[in-house]
Amino acid sequence: MRECRLPDGQVADVGCRGGRIAEIGALIGRAADREILCEGRAVTPGLVDAHIHLDKALLGARAPSRDGTVAEAIRVTGAAKRGFTREDIGDRARRVLDMAVRQGTTAMRSHIEVDPIVGLMGFEATLPLRREYAPAIDLQLCAFAQEGILQAPGTEALLREALRAGADLVGGVPYNDTDARRHIDIVLDLAVEFGVDADFHTDFFDEPQHLHARYIAAETVRRGWQGRVALGHMSEMAALPPDEQDALARTLAQAGVAVIVLPATDLYLMGRKDVRSPRRGLAPVKRLLAAGVTVAAATNNVRNAFTPLGTAGLPLMGYLVAVAAHMGAESDLGQVLDMLTTHPAKILRLPRPGLFAGAPADLVVWDTDRAEEVLSALSPCLLVVKAGRITVEHTRSAAEPWRARTRTSP
Ligand SMILES: [Zn+2]
């Protein structure tokens with residue numbers, strides 16, 4: 001790749017071999033199977049979506065929300081699930097994967113619901129996609145107990161079955177069960193038993209009424225599972241007094257527990273009862289980063305009752321974080337970009353991404369010479385490279401006939 005703008009602002013050639021970056025510098029005269037002329041455009045690592053739901057995306061009018069609450073979203077989506085078929089789940093998942101790949105996502109973790117309503121149908125539909133999409137995206141599938149474990153008897157056995165069938169990790173939602181601590185214990189015990197990571201939907205309310213993150217952090221350390229547990233949402237944390245936010249951030253950092261903010265859903269579903277100055281419902285991103293917590297921003301839902309909008313593109317999630325978390329300064333935007341690349345890669349325990357020799361050749365060329373404009377201006381993705389091979393090439397053109405008319409007007 002010729003004339004790439006690197007994160008430090010320098011322009012250099014990036015040579016890829018065997019799926020990795022082989023060298024960076026002036027590589028004039030070197031033979032290559034394929035040369036890409038970047039003309040000083042920004043090149044970033046491939047984007048990593050640490051939290052999405054492929055199985056219940058694009059439900060649209062099938063399961064609309066009226067009240068816009070979490071409880072309603074769980075209820076109407078649960079009802080829609082009864083009509084799912086394997087083909088239907090697979091079709092919607094492919095559409096979302098295509099949307100994500102075209103926008104520069106090269107790795108993804110999707111929650112797939114496993115419960116007495118759908119059984120393992122979600123897995124049967126999505127497991128084959130891991131191989132089908134492997135040339136374009138690394139796909140992790142999380143066996144996720146959306147309906148609870150204790151209040152949905154049979155779920156624990158189904159989670160085991162999914163893990164035996166090839167699920168990459170296990171996930172829970174302690175706020176949607178009759179005994180949150182028991183729920184957390186079951187998920188963490190399964191993670192340890194199967195040697196996989198755990199990923200919880202956690203503390204997703206306006207008021208700090210659950211704070212299960214504290215228990216999860218303690219139990220993570222007790223099991224020696226540091227670095228292998230992530231928490232999605234965490235909006236309740238933002239409602240704590242500042243000193244308690246900092247204390248919880250330190251606890252998470254020490255326990256090696258990561259946080260994944262889901263700005264589209266968090267902003268959409270939180271603050272619903274606030275009639276004046278509705279809260280944003282976003283975890284305190286700056287405090288978490290300052291405490292050394294691994295923090296990713298991810299998509300979560302794409303057009304269902306939890307979030308009736310969505311493009312499956314991560315730059316828009318970064319844009320939302322920059323606005324909602326007050327992170328619009330240039331240095332902040334660099335951190336937000338890390339929340340779409342290095343931080344989520346760490347959560348998925350992928351090789352460290354970056355523009356350095358030895359890093360994975362998962363790269364995106366953007367139509368800008370400044371990487372922060374990927375977020376601040378939503379500069380379009382031009383080209384995506386996965387493991388050293390081009391997976392997506394966008395061609396852009398715009399005709400502007402009005403200019404000709406202006407020139408010829410009297
Ligand atoms: Zn989610």
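The following legends describe close-up views of a predicted model.

**View 1**
Histidine 53 and histidine 201 link distant parts of the chain, being 148 residues apart. Histidine 53 belongs to the loop between β5 (47-52) and α1 (70-81), whereas histidine 201 belongs to strand β9 (residues 197-202).

**View 1. The packing of helices α2 and α3.**
Helix α2 (residues 86-102) packs against helix α3 (residues 121-132) at an angle of about 40 degrees, and their axes lie 8 Å apart. This angle makes α2 oblique to α3. The crossing in which α2 passes α3 is right-handed. From α2, the residues that take part are Arg86, Ile89, Gly90, Ala93, Arg94 and Leu97. They meet Met121, Gly122, Glu124, Ala125, Thr126, Leu129 and Glu132 of α3.

**View 2. The packing of helices α5 and α6.**
Helix α5 (residues 180-194) and helix α6 (residues 212-222) cross at roughly 35 degrees, and their axes come within 11 Å. In this pair, α5 passes α6 in a right-handed crossing. On the side of α5, the contact is made by Ala180, Arg181, Ile184, Asp185 and Leu188. On the side of α6, the contact involves His212, Tyr215, Ile216, Glu219 and Thr220.

Helices α6 and α7 pack with their axes 9 Å apart, at an angle of about 25 degrees. The angle makes α6 roughly parallel to α7. Their crossing is left-handed. Ala213, Arg214, Ala217, Thr220 and Val221 of α6 meet Glu244, Leu248, Thr251, Leu252 and Ala255 of α7. Valine 221, which is found in helix α6, has a relative accessible area of 40% and therefore is partly exposed. Apart from neighbours within four places in sequence, valine 221 is in contact with Gln226 and Ala255. Between valine 221 and glycine 171, which are 50 residues apart in sequence, the C-alpha to C-alpha distance is 17 Å.

**View 3. Glutamate 236 and its contacts.**
Glutamate 236 is located in the loop between β10 (229-233) and α7 (242-255). Its relative accessibility is 0%, so glutamate 236 counts as buried. When neighbours within four places in sequence are left aside, glutamate 236 is in contact with Asp203, Phe204, Phe205, Glu207, Pro208, Gln209, His210 and Leu211. Methionine 270 is 34 residues from glutamate 236 in sequence, and the two residues are 9.7 Å apart in space, C-alpha to C-alpha.

Most residues other than glycine have a negative phi. Serine 277, which is not a glycine, has a positive phi near 45 degrees. Serine 277 lies in the loop between α8 (263-269) and α9 (285-290), and its relative accessibility of 70% makes it count as exposed. Arginine 303 is also not a glycine and has a positive phi of about 55 degrees. Arginine 303 is placed in the loop between β12 (295-297) and α10 (314-324). With a relative accessible area of 32%, arginine 303 is partly exposed.

**View 4. Leucine 378 and its surroundings.**
Leucine 378 lies in the loop between α13 (373-376) and β14 (381-386). Its relative accessibility is 35%, and leucine 378 therefore counts as partly exposed. Leaving aside neighbours within four places in sequence, the contacts of leucine 378 are Pro315, Leu316, Tyr319 and Glu373. Glutamate 161 is 217 residues from leucine 378 along the chain, and the C-alpha atoms of the two residues are separated by 42 Å.

Notes
Residues are numbered from 1 along each chain as its sequence is written. This is a predicted model: local features need pLDDT of at least 70, side-chain atom pairs count only at pLDDT 80 or more; totals for chains, interfaces and linings use all residues. Side-chain values use heavy atoms; hydrogens and water are left out. Helices (H or I, at least four residues) and strands (E, at least two) are DSSP runs, numbered from the N terminus. Axes are lines fitted to C-alpha atoms, for helices over the stretch in contact, and angles run from 0 to 180 degrees between N-to-C directions. Angles under 35 degrees count as roughly parallel, over 145 as roughly antiparallel, 65 to 115 as roughly perpendicular and the rest as oblique. A crossing is left-handed if the near helix is turned anticlockwise from the far one by less than a right angle, and right-handed if clockwise. Contact means heavy atoms within 4.5 Å. Buried means under 20% relative accessible area, exposed over 50%, partly exposed in between (1.4 Å probe, protein chains only).
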